[in-house]
Amino acid sequence: MQKPDRIFARDGEWDALVRFASGTTPHPGLGVVSGRRRQGKTFLIESLANLTGGLYFGATEATETESLALFAAALGRHLGQSSPPRLDTWDEAIRYLFALEPGVGPFIIDEFPYLTKGAPAVPSIIQREIDRAAFAQHPIRLLLCGSAMSVMGRLLAGNAPLRGRATLEMIVRPFEYWRAKEFWELEDPRLAVLVHSVVGGTPAYRALARDDTPQSVADFEDWIKRTVLNSRTPLMREARYLLEEEMAVRDTALYHSVLAAVAVGNNTRGGIANYVGRKSTDIGHHLVVLEDSGLLRAQTDIFRSRRAVYRIAEPLVTFYEVVMRSQWGLLESGRADTVWRLSGSKFSSQIIGPHFEQLCRDFALWAEPELYGGELPGEIGSGVVADPSRRSQIEIDVVVMGAASSGQRKKVLSLGEVKWGEVMGRRHVERLERAKHLLSRDYDTSETKLACYSGAGFEPGLDPEVLTIGLEQLYAVTP
Ligand SMILES: Nc1ncnc2c1ncn2[C@@H]1O[C@H](COP(=O)(O)OP(=O)(O)OP(=O)(O)O)[C@@H](O)[C@H]1O
Ligand SMILES: [Mg+2]
């Protein structure tokens, strides 16, 4: 089954969906598709429904009675009946679905969390019917899809009724940074980094920016004013919408403050608590909710595993917290120019640098293993190395560790420093050498490669043993 042309990339996801829908084994198939808002879940499963002749039903926020009526109507239309089947309860509806002859599916329910909100028993009803169908060797295909990540996650967790029953579990994620460059049709890697630092790899943001793509680096600032800062594009309101929609939280103020803390660089738990003016223990719940919803990522320091640093997973949220939030009134009244004049400098000082660091860590994941000596990396991240004799510490932006093997000291494959706006040279390498020396007590550093990642180039005459990775190479990865 050919993937429709309008779907960019997503080959693996498409194959998995087609395999799920067209499997002919005499067993019921239950699929669960999740992912943050705007990643293209509906886009994929609607196409699947069209091509397989299945039923697509998108639940809405509604009472139980209304959603049942809508579901019955959709089912009736799908089956070509002149009037919808009479379904008084979800129990009846699900039993009806499972009693249909094989071949009229797959049945796809989108926005499943809306449905369970009004009818929390539906997962256990599905569980019961799936178990019966397994016994009766009924090959039904049921696909549940939704975005409130914490809800979808809970659907398959621990002792949840559907646990262990799904035959397909898929998370639709943002495009990788190098794919986003293709998706936005950008030739220049510098421009691709800049654009990614605002809209990341979320497919829908191109449409929300009304398909306006920047023509060149020189056009970038103007593009920002035309799109994300423009009150007439849906993109401007997106970050706020995301937070409210994704988490259905009541106390949004504290959530925004937590995100703002991380956005401006306070990324440890203590740092965040201090910034928002609460005790560290009081923000634990908020951090968990933000992590569950996929907006925040906790990453452990490679060298000090008990220390986690938080990073915002969606660049648009960082952009909103740093540049837009404090100027919301001006933005609403259409004063993009003024806002950019007042806050634009924060883009260069707070957004692009850390964002470029993250892209370099992502690069390390995609790079040919030969680059770092041939061994497959076990872990990639950042880390802090203490330098007690100088009473300081060295932050390492890109750490590539070898796969752990028991009984041996962990191998450091590479230590890297990242600079977006600085030509890199001898002094950066010296810092890395110092870190390598300090680490050699606890780790195997015999084959550690030092690496400089720069958006501005390198001084001539650097030791050829040092890896120098520029923008062209950052994007020269093969999937
Ligand atoms: N693979 C893709 N290729 C091209 N465009 C895409 C792709 N995925 C998503 N889009 C664009 O993004 C838009 C939003 O996608 P979609 O509505 O499917 O996201 P979603 O994950 O269902 O989000 P939500 O959780 O908000 O419902 C699509 O209408 C389409 O314009
Ligand atoms: Mg959708």
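## Helices 9 and 16

In this predicted model, helix 9 (residues 189–199) and helix 16 (residues 315–324) pack at an angle of about 75 degrees, and their axes are 5 Å apart. Helices here are DSSP runs of H or I with at least four residues, strands are DSSP runs of E with at least two, and both are numbered from the N terminus. Axes are lines fitted to C-alpha atoms, for helices over the stretch in contact, and angles run from 0 to 180 degrees between N-to-C directions. Helix 9 and helix 16 are therefore roughly perpendicular to each other; angles of 65 to 115 degrees count as roughly perpendicular, under 35 as roughly parallel, over 145 as roughly antiparallel and the rest as oblique.

From helix 9, His-196, Ser-197, Val-198 and Val-199 meet Pro-315, Leu-316 and Phe-319 of helix 16. Two residues are in contact if their C-beta atoms, placed from the backbone, lie within 7 Å. By class, this contact of helix 9 with helix 16 has five nonpolar, two polar and no charged residues. Ala, Val, Leu, Ile, Met, Phe, Trp, Tyr, Cys and Pro count as nonpolar, Asp, Glu, Lys and Arg as charged, and the others, Gly among them, as polar.

## Helices 4 and 6

The axes of helix 4 (residues 90–99) and helix 6 (residues 122–136) come within 10 Å and cross at roughly 30 degrees. Helix 4 and helix 6 are therefore roughly parallel to each other. The contact joins Trp-90, Asp-91, Ile-94, Arg-95 and Phe-98 of helix 4 to Val-122, Ile-125, Ile-126, Glu-129 and Ala-133 of helix 6. Seven of the residues in this contact of helix 4 with helix 6 are nonpolar, none is polar and three are charged.

All six residues of strand 1 (residues 29–34) are buried, a residue being buried if 20 or more other C-beta atoms lie within 10 Å of its own, exposed if 12 or fewer, and partly exposed in between, with C-beta atoms placed from the backbone. Gly-29, Gly-31 and Val-33 point one way from strand 1, while Leu-30, Val-32 and Ser-34 point the other way.

Strand 1 pairs in the parallel sense with strand 4 (residues 141–146) over six bridges; two strands pair if DSSP finds at least two bridges between them. Here Gly-29 stands opposite Arg-141 in strand 4. Strand 1 also pairs in the parallel sense with strand 5 (residues 168–171), over four bridges, and Gly-31 stands opposite Leu-168 in strand 5.

An open sheet of five strands has the order 8-9-10-11-12, with mixed pairing. Strand 8 (377–387) and strand 12 (467–469) stand at the edges, each with a single partner strand, so one side of each is left without a neighbour in the sheet. Strand 8 and strand 9 (residues 392–402) pair in the antiparallel sense over nine bridges, with Ala-386 opposite Gln-393 in strand 9.

Helix 18 (residues 336–366) packs on the sheet, touching strand 8, strand 9, strand 10 (412–419) and strand 11 (449–454). The direction of helix 18 makes about 30 degrees with that of strand 9.

## Gln-350 and the basis of the model

Gln-350 lies in helix 18 and counts as partly exposed because it has 18 C-beta neighbours inside 10 Å. Leaving aside neighbours within four places in sequence, Gln-350 is in contact with Val-264, Gly-265 and Val-322.

Residues are numbered from 1 along each chain as its sequence is written, and chains are lettered from A and ligands numbered from 1 in the order in which they are written. In this predicted model, local features need pLDDT of at least 70 and side-chain atom pairs count only at pLDDT 80 or more, whereas totals for chains, interfaces and linings use all residues.
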